[in-house]
Every structure is written in C-alpha cells, then in structure tokens.
Amino acid sequence: MIRVGLGCLTGAGAQARLSILIWHRVHLERDPMFPSEICAKRFDTTLTWLRNWFNVLPLDEAVRRLADDSLPRRAAAITFDDGYADNLSVAAPILARHGMPATVFVASSFLDGGLMWNDGVIEAARRCELAVLDAGEFGRYPVSDWGSRTHAAEAIISRIKYMEPEQRVRAVEEIAKAARVTLPTDLMLTTGGLKALSKSPGITIGAHTVTHPILARIPDATARAEISSGRTALEAIIDKRVGLFAYPNGKPGKDYEARHVEMVRELGFDAAVSTAWGASRRGDDPFQLRRFTPWDEERLRFGIRMAKNLAASAQQALV
C-alpha cells in the first residue's frame, strides 16, 4: 500500500521527484542521551523499508537523471553529513548488505582526531561526573541523569551555535574544562578511514567545507576558501574527483545565501544539497537540492511522513 501511494505521488521522467534522505551518525547501540537518533538496528530496519518502497540511486546519478528526465518512479538517495567514524564502521556494512549506495559529505579539518563543536558540548555533558555543570556565561545545569545531560547539552548548543567560529572553539574548551572531562578524539573519520570508505561499494564522498562554518556569517573570501579547500583536501586523500557539496547546517537564507550557491556553481561542483524539507523535481536548482528524513520508528508513520514530504510543494523557501 505504501509503495503504491508513493508511486502515485512521484511519477517518472519529467514528472519524477527525488527524495534525498539525510543522516549524520549511526550509533552501534541506542544512545541514552539521544534515544531518538538512529542506531544500527533501526538503520537496518529503515533500509529494509526504503528498499521495498523506493528506487535508491547514487546521488550523482540521481542528479543527472533528474536533469535529463530519466529519473525512475519513487527515486531516492541517501546522504550523511560531517564525516563520522561510524559511517564506516556501522553504516557502510549495513548499506552494503542492502545493496544501497550513499554519499558521505565530509568536513575535512575534523579528520584524524578532530571534533565537531556541538559534539564537544554533548560529550562534555555526557562525561561530566559532577552533580552540576557550571558552564559560566552559558548557564548552570544539573547533569545527574541522561535526561538532564541532554537538556544541558541542547541548551548550551543553542546559546553558542551562531557565535563566531573561534569563539565557539574557545567556548567548548571552557565547557570541557568546567566539566572536568577529556573530549574524545575518535568520533570522526581518520584519513585511512576516509580512504577505506571511499573504496566501499556504492559510497561517494562529497565536500562539506573545511571547518563546517555557518557560511552566511563569515566573509565571502573565507566562505569561498572553505568550500574550495575542503574539496581539494578530500580529493588529495581519496584520489578521486569530488563533485557534490553540502552546505553546513544547510538552512536557506539563514545558514547560506544566494552568493554561496553561486560560489559552489562557479567552483565547478555538479550539485549541492541543503536541509530544506521537500523533494526536488524537474526545474529545481541542482545546487539547492532538498533533503528530509522522517524521525518515526514505526513503519507506517515513517512511510506516511515520506509521502507527505513528497506531496508538499515547498516546506522551506530556497534562496
């Protein structure tokens, strides 16, 4: 029933719509701090649904076929952002078992021991053994159980998310010091891991800048260098051309603007993805492809939300 309904909503050829799913991490086990985030068992189940309902294509192929009106009915693509180590150790083997391709967008500076700033906050709250985490200007938070640790991390992240990059780094260092913890160095891919991932069947590597900045909040010259240098670093490691790009955070008009779309186009990328909800169709800007993933754990609800996403004309405006 779900497959039939999705087929009615998508069409093929000139009437086709492309659903692009987005994930970041795939935890080996359910994360007690963020139990709604995907783990290996749930990812495996989700891929079973997708295999039954959709024609899952490599993103670069899907982009080409969207442009030449040859996209099949119920077309979909799978993407991951940032470059987490578990994309190789957990997600890739599950994808391989299902015979499904995926694109992994990697922020190059976090390879070999780096840490995303938001993960720094999360891990500080997770590992803190104090009764209260005193984060100074960012607030005081009890961290006695998983729920309070989650609240602390989310509250602090919301307060520093749109700070200048250098300020964010210093803030995370101060928070880790206040929590009296040592932050992990193994959450992101290593150079060797990236090479291995790029050789995995069906895996394509895409660019995601160098340091994952909010492009709209940095000078244009810096933004262009972030976009270009991130790709150059990845190409040097995997010895392949990198033709796809993902805007950090990806909200149109807030995290990136029209000038950044033009930068990506001018730098010779083939396509780029945002985090605007919806499905892309013929005539849409290939440098602002939409992405969406239902958060539902129940099969019917997941399918219905995918259908609603296909039916929606545009849940977020592009730039």
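Contact means heavy atoms within 4.5 Å. Helices (H or I, at least four residues) and strands (E, at least two) are DSSP runs, numbered from the N terminus. This is a predicted model: local features need pLDDT of at least 70, side-chain atom pairs count only at pLDDT 80 or more, and totals for chains, interfaces and linings use all residues. Residues are numbered from 1 along each chain as its sequence is written, and side-chain values use heavy atoms, leaving out hydrogens and water.

**Helix pairs**

Axes are lines fitted to C-alpha atoms, for helices over the stretch in contact, and angles run from 0 to 180 degrees between N-to-C directions.

| Pair | Angle | Axes |
|---|---|---|
| H5 and H6 | about 150° | 9 Å apart |
| H8 and H9 | roughly 75° | within 9 Å |

H5 is therefore roughly antiparallel (over 145 degrees) to H6. In H5, Trp 117, Asn 118, Val 121, Ile 122, Ala 125, Arg 126 and Arg 127 touch Trp 146, Arg 149, Ala 153, Ile 156, Ile 157 and Ile 160 in H6.

H8 spans residues 191-198 and H9 residues 220-238. H8 is therefore roughly perpendicular (65 to 115 degrees) to H9. Thr 191, Leu 194, Lys 195 and Ser 198 in H8 meet Leu 234, Ile 237 and Ile 238 in H9.

**The largest pocket**

A pocket is an open set of points on a 1 Å grid where a 1.4 Å probe fits, with protein on both sides within 12 Å along at least five of seven lines; lining residues have an atom within 4 Å of a point. The largest pocket holds about 1,400 Å³ of space. Its lining has 39 residues, and Ile 22, Trp 23, His 24, Glu 37 and Asn 118 are the closest to its centre. H5 gives the most to this lining, with six residues.

Technical notes: Angles under 35 degrees count as roughly parallel, over 145 as roughly antiparallel, 65 to 115 as roughly perpendicular and the rest as oblique. Grid points are joined across faces, edges and corners, and a volume is the space filled by probe spheres set on the points.
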